[in-house]
Amino acid sequence: MKSDLLKFNRGNAKLGRDIWTFSLPAGFSCPGALECLSKANRETGKITDGADTKFRCFAASDEAQYKNTRLQRWHNFELLKGKSTAEMSELIQASLPRQAGIIRVHVSGDFFNQFYFDAWMHVAKCQPLRTFYAYTKSLPFWLRRIGDIPKNFALNASRGGAHDELIAKHDLKYAEVVFSTKEAEDKKLEIDHDDSHAYKSGKPFALLIHGTQPAGSAASKALSALRKTGWTGYSRKAVAA
Ligand code: SF4
C-alpha cells in the first residue's frame, strides 16, 4: 500500500454502518494478550497460538484467511511504529474518515505502547464530537492515565489478558468471552450483540465465544454446542476482544 495515511474500515452487519474501525496486526501489537494470543505470519498467514491460548483470536484467523486484511493491518502498524505521541496523533487525525462519528479503535490489535495509547487519548480530546471506544488488555497504559481519559473515549478491559488482576483492583469496566448463555447468566453479565455495551453502557458485559477455535479445545466444543442452538457467531471483522 502506497498511502502515507492510516486505513480505516466501515462497520459491518454486526457493528452497523455508522461505526468505523481501525486495526493493527493481531498478537504482534498486543502486549497484554494471554489466553487469546494468536498470530498470523505476516508473509504466509500461518497461525501460531501462544502457550496459554484458551480461545483463538478471531482477528488472527481473519488475517490467516485474507491477505488484504493482513496487509492493511501491517500497513497501519508500520506507519505508527517508532513515532512520538504527537506524531501519531497528527497521523491518526489526518487519516480519520470525515464521516466517522463512532470509531472502534482496534477490531484487531491493541495499544502497543504508552505513546500510542496517549496518542489516541489526545485524538479524542481534539475531536470532542466523535465517539471512540476500545477493548483492551493493555491495562497498565490505561491505569497510568486513569484520571485523564476523555469522556468521549469508552475503554473496556478485555478479560483473559496478562493483567486481569488489575480489573477488580481498579474496578474497571470489562468484557468477558463466555462459552454459553448460562455462563453469562451465572456471572450476571448481559451478552452484547452489536457493541452497544462497549461504547454506551457503563456496565461489564459478555461476548459469546466466536471465531475459529483450535480443534478439540474447550472453546471449540463450546462453540459447537452454541451452534446447535442456532448461534451463528459475530460477523467477520467484528470482534477480537
Ligand atoms: S484477541 Fe485482541 S488482544 Fe488478543 S491477540 Fe487478538 S487482537 Fe490481540
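This is a predicted model: local features need pLDDT of at least 70, side-chain atom pairs count only at pLDDT 80 or more; totals for chains, interfaces and linings use all residues.

Reply: Residues are numbered from 1 along each chain as its sequence is written, and side-chain values use heavy atoms, with hydrogens and water left out.

Me: Why is serine 89 called buried?

Reply: Buried means under 20% relative accessible area, exposed over 50%, and partly exposed in between (1.4 Å probe, protein chains only). Serine 89 has a relative accessible area of 2%, and therefore it is buried. Serine 89 lies in helix α3 (residues 85–95), where helices (H or I, at least four residues) and strands (E, at least two) are DSSP runs numbered from the N terminus. Leaving aside neighbours within four places in sequence, serine 89 is in contact (heavy atoms within 4.5 Å) with Ala119, His122 and Val123.

Me: What makes leucine 6 buried?

Reply: Its relative accessible area is 4%, so leucine 6 is buried, although its place is in the segment before β1. Apart from neighbours within four places in sequence, the residues in contact with leucine 6 include Phe22, His75, Leu80 and Ile92. The C-alpha atoms of leucine 6 and alanine 94 are separated by 8.5 Å, with the two residues 88 apart along the chain.

Me: Why is helix α1 described as largely enclosed by the rest of the structure?

Reply: Six of the eight residues of α1 (residues 58–65) are buried, and so the helix is largely enclosed. Those buried residues are Phe58, Ala59, Ala60, Ser61, Asp62 and Glu63, and what covers them includes β3 (38–40), β4 (47–49) and α2 (67–80).

Me: What makes β1 and β9 edge strands?

Reply: Two strands pair if DSSP finds at least two bridges between them. The open sheet of eight strands has the order β1-β2-β5-β6-β7-β8-β10-β9, with mixed pairing, and β1 (8–10) and β9 (190–191) are the edges, each pairing on one side only. Within the sheet, β6 (residues 131–136) and β7 (residues 153–158) pair in the parallel sense over five bridges.

Me: What is meant by a nonpolar core?

Reply: It is a set of buried Ala, Val, Leu, Ile, Met, Phe, Trp, Tyr and Cys residues joined through side-chain atoms within 4.5 Å. The largest such core has 54 residues, and those touching the most other members include Leu80, Phe111 and Trp120; its largest share, seven residues, comes from helix α4 (residues 114–126). A second, separate core of 10 residues includes Ile19, Tyr133, Ala154 and Ala198.
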